[in-house]
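Work through the exercises below with the structure in view. Try each task before reading its solution.

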Amino acid sequence: MSAGHAHAGYVPGGSWLHQAHAHHKVLASLILVISVVAVPAGVWWPYAVALGILLAAAATARLRALSVARRMLIEIPFVLFALALPFFARGPRIEVLGIAVSEPGLIAAGAMLCKATLGVLAGIVLASTTEPAEMIAGLRRLRLPSLLVQIASFMLRYLSVITDDLRRMRIARESRCYAGGGLGHARAVASSAGALFVRSYERGERVHLAMLSRGYTGEMPALGSRALTAAPLALVAGVAVVVAATTAAWMIR
């Protein structure tokens, strides 16, 4: 588990956003996403406010636009569903570029795209400016259930190990003249997935036994971290602006 694997989603930098404590950033991201989700239907300007703040945060952290766009490809299933919604939803029909679509479906699709895009962008900014170990420490400081924090910690630690196992299995298949890609090779792929699951499960049992032999009692030892400081003013101000925009949208709606 090299550092390169462990920090695959982290972009090193010296910005104030990188230096901010993880629990401040997690809490700010959570409040921002909840505020965006709470924007009433048919009101669009709060999304622009949130987008501007997130783009400013990404620029402050010096995140490359191409890298951010590549990570946002995870949103594609939501985009496809949103694009289909105006055609299948019921309600009054309106013409858009000569095509009759459902007006409520169009509004719902637009809101879904805005909320999903802003949520994904907030997650990318958070992951890119927070090291995994700091993220776990931040979740612990926010008093999340210890079991959930431990599960997240092990997921981060062993994700690269499982990925390496999968890569080695693929190389082994290809060295035996396997060139799958069609439905006819689904059985071989399913067998590989099953073998990977069993191997990961057995590794988990061995790791758990090793932890018990070293005195594990259900609580992971807290790692040293930086001293607590006040949350950066810009972080608080940005979240406050988004919350205020959502509140104003409900008041003038």
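In this predicted model, D165, R168 and R203 are joined in a network of salt bridges.

**Exercise 1.** Find how many salt bridges there are, and state which atoms are compared in each.

Solution. Side chains of opposite charge can pair when their charged atoms come close. The cut-off is a side-chain nitrogen of Lys or Arg within 4 Å of a carboxyl oxygen of Asp or Glu. For D165 and R168, the closest N and O atoms are 2.3 Å apart. For D165 and R203, the N to O value is 2.9 Å. The count is 2 salt bridges.

**Exercise 2.** Locate the partners of D165 in the helices, and decide whether each residue is buried or partly exposed.

Solution. D165 and R168 are both in helix α9 (residues 146-175), 3 residues apart, which means about one helical turn separates them. R203 lies in helix α10 (residues 186-213), so its pairing with D165 ties together parts 38 residues apart in sequence. Buried means under 20% relative accessible area. D165, at 2%, is buried, and R203, at 18%, is buried as well. R168 has 44% and is partly exposed.

**Exercise 3.** Describe how helices α3 and α8 are arranged, and what kinds of residues meet there.

Solution. The axes of α3 (residues 22-37) and α8 (residues 132-141) come within 7 Å and cross at roughly 70°. Angles of 65 to 115 degrees count as roughly perpendicular, and α3 and α8 are therefore roughly perpendicular to each other. On the α3 side the contact involves A22, H23 and V26; on the α8 side, E134, M135, G138, L139 and R141. These residues divide into 4 nonpolar, 2 polar and 2 charged.

Conventions:
Residues numbered from 1 in each chain as written. Predicted model: local features only at pLDDT ≥ 70, side-chain atom pairs only at ≥ 80, totals over all residues. Heavy atoms only, no water. Axes fitted to C-alpha atoms, helices over the stretch in contact; angles between N-to-C directions. Helix = DSSP H or I, 4+ residues; strand = E, 2+ residues; numbered from the N terminus. Parallel < 35°, antiparallel > 145°, perpendicular 65-115°, else oblique. Contact = heavy atoms within 4.5 Å. Nonpolar A, V, L, I, M, F, W, Y, C, P; charged D, E, K, R; others polar. Buried < 20%, exposed > 50% of the residue type's maximum accessible area, 1.4 Å probe, protein only.
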